[in-house]
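I opened the model to look up a few elements and residues one by one. My notes follow in the order in which I checked them.

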Amino acid sequence: MTGAELGLFDLTGRTALVTGGNGGIGLGMAKGLAAAGAKVMISGRNEAKNASALAALGPRAAAMAADVTVPAEVEAMVQATLDRFGGLDILVINAGINIRKAAHEASFEEWRAVLAANLDSAFLTAKAAYPALKASGRGKVIATGSMTTLFGAPFAPAYSASKGGIVQLVRSLAAAWAPDNIQCNAILPGWIDTDLTRAARAQVPGLNERVLARTPAGRWGAPEDFAGIAIFLASSASDFITGAAIPVDGGYSSTI
């Protein structure tokens, strides 16, 4: 590749906000953005994890504790990013939870908790960030969906519904914000080795073996597998891609 082509992926001078950026997939994406030159603000409710993540992200990163289900805290999170770095070019909507229960076992309160943490928070964060992304003139939104948007998960109905909603929200934002030169896309992670999926492996007998048998790549994904897709979707290399939902799953969703 020529220098000009490599420059398409250069994020120097851009600022990113990554919700849920203190661990797992979020931290994997934050590391990629930082490595490509971006200044990165991460948010997460666990301040100890925030501090640990900052040590891995380097001197151009900052962190703050925020509950992304609370509108005032979301607005404060965006404002803190603007105050610290002077602007916002890249929004990564990644914060979320899961409660593993079949629909007939889950309470309405558990259903609402997952929808609030995953989908309501995405709406609140996108809405709060929109003025800054528009002012940037080159805004990018990357939202973390799931492969469960492609097929159902019997043990995670609320999670699946929330992530399906993420994809539709991204498509709506892509259409609405295209005139502002803001590209909005979703990633659909497969089985990735994180704290969430380690809990799933402990709760679901035989899950590890089934995942390995169905995944053409022959392994679970790692948070580091999301650095490249984050750089691509945050950079000028993806300027004509918007409203897409891209699997990052080692081929899991391509097999039966």
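**Entry 1: strand 1**

I began with strand 1, which is joined by three bridges to strand 4 (residues 90–93), the two running parallel. I took helices (H or I, at least four residues) and strands (E, at least two) as DSSP runs, numbered from the N terminus. Two strands count as paired if DSSP finds at least two bridges between them. This is a predicted model, so local features need pLDDT of at least 70 and side-chain atom pairs count only at pLDDT 80 or more, while totals for chains, interfaces and linings use all residues. Residues are numbered from 1 along each chain as its sequence is written, and side-chain values use heavy atoms, with hydrogens and water left out.

Leu17 is the residue that stands opposite Leu91 in strand 4. I then looked at the pairing with strand 2, which is parallel and has five bridges. There, Lys39 in strand 2 stands opposite Thr15. Between strand 1 and strand 2 the chain passes through helix 2 (residues 24–35), and this β-α-β crossover is right-handed. Right-handed means that, with the strands pointing away from the viewer, the path from the first strand over the helix to the second runs clockwise.

Is strand 1 buried or exposed? Five of its five residues are buried, so strand 1 is largely enclosed by the rest of the structure. Buried here means under 20% relative accessible area, exposed over 50%, and partly exposed in between (1.4 Å probe, protein chains only). In a regular strand the side chains alternate between the two faces of the sheet. I found Thr15, Leu17 and Thr19 pointing one way and Ala16 and Val18 the other way, all of them buried.

**Entry 2: helix 4**

I checked the length of helix 4 (residues 71–85). At 1.5 Å a residue its 15 residues should span 21 Å, and the end C-alpha atoms are 21 Å apart, which agrees. The expected span is 1.5 Å times one less than the number of residues.

Which residues of helix 4 are buried? They are Val74, Met77, Val78, Thr81 and Phe85. Seen down the helix axis these buried residues fall within an arc of 90°, so they line one face of helix 4. The arc is that of the directions from the helix axis to the C-beta atoms. An α-helix has 3.6 residues a turn, so residues three or four places apart point the same way. Ala72, Glu75 and Asp83 are exposed on the other side of helix 4.

The buried residues of helix 4 pack against strand 1 (15–19), strand 2 (39–43), strand 3 (61–64) and helix 5 (108–136). Contact means heavy atoms within 4.5 Å. After helix 4 comes Gly86, and its phi is positive, near 85°.

Met77 is buried, at a relative accessible area of 0%. Leaving out residues up to four places away in sequence, Met77 touches Leu17, Thr19, Ser43, Met64, Ala66, Val68 and Thr125.

**Entry 3: strand 6**

I went on to strand 6 (residues 183–189). Seven of its seven residues are buried, so strand 6 is largely enclosed by the rest of the structure. Gln183, Asn185, Ile187 and Pro189 lie on one side and Cys184, Ala186 and Leu188 on the other.

Strand 6 pairs with strand 5 (residues 140–144) in the parallel sense over five bridges, and Ala186 is the bridge partner of Ala143. From strand 5 the chain crosses through helix 6 (residues 157–177) to strand 6, again as a right-handed β-α-β crossover. Strand 7 (residues 245–248) runs parallel to strand 6 and is joined to it by four bridges. In strand 7, Pro247 is the bridge partner of Leu188.

**Entry 4: Thr194**

I found Thr194 in the loop between strand 6 and helix 7 (195–203). Thr194 counts as buried, at 10% relative accessibility. Its contacts, not counting residues up to four places away in sequence, are Gly24, Ile25 and Pro223.
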